Amino acid sequence: MPFPILRTPFVVLSEVISLLEPNEIVTASFCSKKVRRLLRKQHQRRKPLEWRLYMIQQECWGQVDIMTSRNDEPVTVLSAKHISEASNESEHNLIQMNEYKRGFSLELPVLYFEDWETGSEMIVDYAADLFNLDVYGLEIDRNGIWAIDWINNRQEKMLRSLELVENDLYDMCGDEELDYILTKDTCASEYYILKETVSDDYRFDGKLGPARHLHIYPKGHWVTLDNLMNFDFIDIQVEGSTLSVPDLHTFLKHWRAGGSHRLVYLKLDFQNDTNFENFERELELVEKANVVDDRVSEEEMADWIDGLTIQRMDGVKATIHLDIRYFVLIVWQSTIFQKIL
Amino acid sequence: MSSTEQGTSSAAPAEPTTAPESAAAPEVPESFYYVHGKDKVVHKVSAGALQHSALIHGMISNLGYTEEQAKANPFPFENIDGDILQMVVDWCNQHKGKPTPPEDTNLPKQKEKLFDLVLAVNYLEIKELLTYCCKQVAMMVKGKSPEEIREIWMIPTDAEDEAAEKEAKKRAGKEAAGETAAAAGDAK
């Protein structure tokens, strides 16, 4: 039964729009220019501050995801593909527009372009304009490196999250692309998630940060002691680490002397078994930290605190947990630590 | 329809049967008010049930009617069809004194009446029922393509919008010309 939505009072229209999922809003925006204007106005008026827009750019397709407070996972709202994929994918007849063909598949509009890079830019601009949002996060493989500068030039606010993922289609390593990200002044202000495969002899000798989170996995063999000491992050997690026990002792000395001052959580998962026998002999152990946090159970907190406790020169304590395959350092800087939990 | 009186006079309605009340008996006698829609059928509704409607609740608070006065002066809602008002009254009675659960099985299901129901509920300012109705409207387009949404929500195409705009401009131009001519005639 049809429902003439545009004849409803503004309050009703606003309420209905507020109940739509982001992908439904984008789909509806393609109904007409008038509807698009209306949806756009609605989001300009009531900016959903908690919504985050992500650009995903891989191989030869792009998509826009929106994360809302209603959903645990981002919702894909729009995607751009090469025109050659149109015939076998779209569930509906393609609609010819000025610069692309529009299809509809898996509950979202798919725009097919001759030039998918332009298409990716266009869908991000479209969604960002519709929802009145900046691009919050970027997920790319090595083909999408161009998007970092494109985003940081298109908006005043810097990209908050950058994720470089592996591209299975290539045998070769992404040394050059990872190097571009690491050597650039700043790419993102909060998250660096680096999953690209790099060659065994890849090395980086600069500084990275400041930002909040640095996650390198599964191949963090390239992270050296110098790198670790020069990473300016609150949370550092490295998988496939090749750091040695002497490296860790050096790092802890550096930390005790006030180095890596913002660090709150460090987790290293080792590529090979590591022998931590008598590790504590070289540490000046102190009494356990006294930490209270209402958000976690006493048992959980006890688990975290129960380890090797060391102290920085300014009195801040940290707990070390270790095993043949991992090393964890939790620094008890309460205000910062709470943001990480 | 236990809360409805099938009378047609708005002046002196006969005693209608009341809706089944909740198990807990009120300590003080409950006051009742009367409403009618376009069809003039008068519905007797308790003040408790009417609290769902911010509009009627406001009217009651401002008027300070006695029950006799209320009986003699049903609230007229000439812009609401009788069957729609009946649905609204039924819903208010079913939800008297309690909040609407997230999955409310007592809500009106008539899809063909949804538009009129939405307008009525919005006019009567029944927030919870409006939210439910809006959920139904939003659900209509789940998984639909732009073309399907356009059909379901009766959205004109760009071409239709442009044509309507042209037509409106043309009409406005004609009206303005007519007014000018009339003014010139008057001046003569």
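Let me start inside chain A: how many bridges join strand E3 of chain A to E6(A), and do these strands run parallel or antiparallel? There are four bridges between E3(A), residues 75-82, and E6(A), and the two strands run parallel. Within that pairing, A:His82 sits opposite A:Phe113 of E6(A). Before I go on, please keep in mind that this is a predicted model.

E6(A) covers residues 108-113, and six of its six residues are buried. Which residues lie on either side of the strand? One side has A:Leu108, A:Val110 and A:Tyr112, the other has A:Pro109, A:Leu111 and A:Phe113, and all of them are buried, which leaves both faces of E6(A) covered.

A:Gly103 has A:Val110 as its bridge partner in E6(A). The hairpin of E5(A) and E6(A) has two residues between the strands, and A:Leu106 takes a positive phi near 50° there.

Further along chain A there is some parallel pairing. Strand E8, residues 161-164, pairs with strand E9, residues 191-194, in the parallel sense over four bridges. A:Leu164 has A:Leu194 as its bridge partner in E9(A). E9(A) is also joined by four bridges to strand E10 of chain A, residues 213-216, and these two run parallel. Here A:Tyr192 is opposite A:Leu214 of E10(A).

Now the helices. H3(A) and helix H5 of chain A, residues 116-131, pack with their axes 6 Å apart, at an angle of about 60°. The two helices are therefore oblique to each other. A:Leu39, A:Arg40 and A:His43 make the contact from H3(A), and A:Asp129, A:Leu130 and A:Phe131 make it from H5(A). By type, that contact has three nonpolar residues, one polar and two charged.

For chain A as a whole, the secondary structure comes to eleven helices and 15 strands. Of its 341 residues, 37% count as buried. The C-alpha trace spans about 75 × 45 × 30 Å along its principal axes. Of the contacts in chain A between residues at least 6 apart in sequence, 54% join residues at least 24 apart.

Next, the contact between the chains. Chain A puts in 27 residues and chain B 29 residues. On the chain A side, the elements that give two or more residues are helix H1 (10-19), helix H2 (22-29) and helix H3 (33-45). H1(A) gives the most, with five residues. That side of chain A divides into 18 nonpolar residues, four polar and five charged.

Last, chain B, which is divided into domain 1 (32-146) and domain 2 (156-187). The centres of the two domains, taken over C-alpha atoms, are separated by 39 Å. Chain B has an open sheet of three strands in the order E2-E1-E3, with mixed pairing. E2(B), residues 42-46, and E3(B), residues 75-76, are at the edges with a single partner strand each, so one side of each has no neighbour in the sheet. E1(B), residues 32-36, pairs with E2(B) in the antiparallel sense over five bridges, and B:Tyr34 has B:Lys44 as its bridge partner in E2(B). Helix H4 of chain B, residues 82-94, lies across E1 and E2 and runs at about 15° to E2(B).

Methods:
Residues numbered from 1 in each chain as written. Chains lettered and ligands numbered in written order. Predicted model: local features only at pLDDT ≥ 70, side-chain atom pairs only at ≥ 80, totals over all residues. Contact = placed C-beta atoms within 7 Å. Nonpolar A, V, L, I, M, F, W, Y, C, P; charged D, E, K, R; others polar. Axes fitted to C-alpha atoms, helices over the stretch in contact; angles between N-to-C directions. Parallel < 35°, antiparallel > 145°, perpendicular 65-115°, else oblique. Domains from an automatic or database assignment. Pairing = 2+ DSSP bridges. Buried ≥ 20, exposed ≤ 12 C-beta atoms within 10 Å, placed from the backbone.
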